[in-house]
Amino acid sequence: MAGFYNTIEISASALSAERLAMDVIANNIANANTTRTPQGGAFKRQLIVFAQTPEGPAQAGNGFPAFGANGTGLSSDGTDTEPNLEGVQALGIVNDNSPDRMVFDPGNPEADARGYVHYPNVQVVKEMVDMMAASRAYEANVAAIQETKSMDAASLGLLQS
Amino acid sequence: MDIDAYSSAISKVTPGSFVPDVAPGGPASQLLPDDQTGAGAVSFKDTVKSLLEDVNDKMVNASQMSQDLAAGKSRDFDGTIKSVEEASLAFQFTMAIRNKLMDAYSEIQQMQF
Amino acid sequence: MSDVGGISFGPTVDLLNNAVDGAGREQEQIANNLANVNTPNFRRSTVSFKEALAASLGTASNPDELALSTDDDRQFDINGAVAPVPYDPKAKVDETTQMRVDRSNVDVDQEMAQLQQNSGYQETMAALLKNQYAWLRESIEEQTH
């Protein structure tokens, strides 16, 4: 049964997660042209991995937790596998290992043996789209908290004589 | 809602009102004004009784409309609010009449004969 | 509300309390759906509490009667006052909406509309319930004059 604190915590989990997503996206955009990193080579685009909380049992293969066949902890006929909903969590930040963006520029001191400069595999337009999605989700969850608060105020209003 | 019926009912509350169902021509009928005796007259008791029934109907109707709105059977939000308000007002009127009755009754009790 | 034993103050009060409770459960689902709008493979869920409410409407024959029909073993009798039938709607996964590639099947616009509708509903029910309690209280106060 929903309580005052749990529903708001669910929304709050999303605020943290989407804020982290924004950080990752902002970092990608800031480093869109970084050809040198401490690890050597061009900057690699990063992406954030979201999962519903609670997670299902871990999978052996990629190490990420798996979910039930329908993607959530609830069975599709609504029978009692109601876990405590906790919203969303960021499982981790991983590198996008797709190839670097190559630009033919033999005169550039950063060019490799064949004359190509390795630029990061960041597509700024895609990052902007992801940023909008994160921002929108953030705002939606703020609205959810506001509505939950006003519902709880209505319930508390029953106590007045 | 018939505000006139309620306010005329309140104005009828006097110590002389406590003679219900007076038969015309009987000894007590001389105490009452002419328009309150006889087959066509409506006694105060009947007026109050019909008002109480009216209040009860209104409250039952308001509750039923609330239930229908809750279950999604009705989508008449404004009508439900209106019926609830009407029933509350009718209830308050009836309580006011009842209080006047109690006051009039205790006034009679203090009469010395 | 569902497992609380106790006397009933009438079918309207019970129904409105269940309505408020149901809206609270739905709010939890909506919050979870919105939290997971960007979670891959997530499927949204809802609570169909209004159907449970409509089902419970069928058991009261006279809306103004204090005593409900006692044809259910789960109801018990305290001097003529009857406990309400347990009401416990559960969340169900929504399999019908389209999954988007690499995303959840939560449509943020739809979900926001549900959010507003649900909170409006809950506030209406709470107001109507407050009114019912006020009537009960006024009746009691008038009788203790």
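Colleague: How do you know that the span of H2(A) agrees with the number of its residues?

Modeller: The expected span of a helix is 1.5 Å times one less than its number of residues. The 33 residues of H2(A) should therefore span 48 Å, and the end C-alpha atoms of H2(A) are 48 Å apart, which agrees. Helices (H or I, at least four residues) and strands (E, at least two) are DSSP runs, numbered from the N terminus. This is a predicted model, in which local features need pLDDT of at least 70 and side-chain atom pairs count only at pLDDT 80 or more, whereas totals for chains, interfaces and linings use all residues. Residues are numbered from 1 along each chain as its sequence is written, and chains are lettered from A and ligands numbered from 1 in the order in which they are written.

Colleague: What pattern does chain A follow along the sequence, and which residues of H2(A) are buried?

Modeller: Chain A, with two helices and four strands, reads α-β-β-β-β-α. A residue is buried if 20 or more other C-beta atoms lie within 10 Å of its own, exposed if 12 or fewer, and partly exposed in between, with C-beta atoms placed from the backbone. By that rule the buried residues of H2(A) include A:Ala134, A:Ala137, A:Asn141, A:Glu147 and A:Asp152, while buried residues make up 25% of the 161 residues in chain A.

Colleague: What makes C:Glu51 partly exposed, and which residues of its helix are buried?

Modeller: C:Glu51 is found in helix H2 of chain C and has 13 other C-beta atoms within 10 Å, so it is called partly exposed. The buried residues of H2(C) are C:Phe49, C:Leu53 and C:Ser56. Seen down the axis of H2(C), these buried residues fall within an arc of 65° (the arc of the directions from the helix axis to the C-beta atoms), so they line one face of the helix.

Colleague: What makes a set of residues a nonpolar core, and which residues touch the most other members of the largest one?

Modeller: A nonpolar core is a set of buried Ala, Val, Leu, Ile, Met, Phe, Trp, Tyr and Cys residues joined through C-beta atoms within 7 Å. The largest core has 29 residues, and B:Ala70, C:Leu16, C:Ala19, C:Val20 and C:Met125 touch the most other members. Elements giving two or more residues to this core include helix H2 (124-156) of chain A, helix H2 (44-71) of chain B and helix H1 (11-35) of chain C, and the largest share, seven residues, comes from H2(B). Apart from this core lies another, of 23 residues, among them A:Ile25, A:Ala51, A:Ala137 and C:Val37.

Colleague: With which residues is B:Ala70 in contact, leaving aside its neighbours within four places in sequence?

Modeller: Two residues are in contact if their C-beta atoms, placed from the backbone, lie within 7 Å. With those neighbours left aside, B:Ala70 is in contact with C:Leu15, C:Leu16, C:Ala19, C:Leu53 and C:Met125.

Colleague: How many residues of chains B and C take part in their contact, and how do the residues on the side of chain B divide by class?

Modeller: The contact takes 14 residues from chain B and 17 residues from chain C. On the side of chain B that touches chain C, H2 and H3 of chain B each give two or more residues, and the largest share, eight residues, comes from H2(B). That side divides into eight nonpolar, five polar and one charged, where Ala, Val, Leu, Ile, Met, Phe, Trp, Tyr, Cys and Pro count as nonpolar, Asp, Glu, Lys and Arg as charged, and the others, Gly among them, as polar.

Colleague: Where in chain B is confidence lowest, and where is it highest?

Modeller: By pLDDT, the predictor's confidence in each residue from 0 to 100, chain B has a mean of 74, and 60% of its residues reach 70 or more. Confidence in chain B is lowest in helix H1 (residues 3-11), at a mean of 62, and highest in H3(B), at 87.
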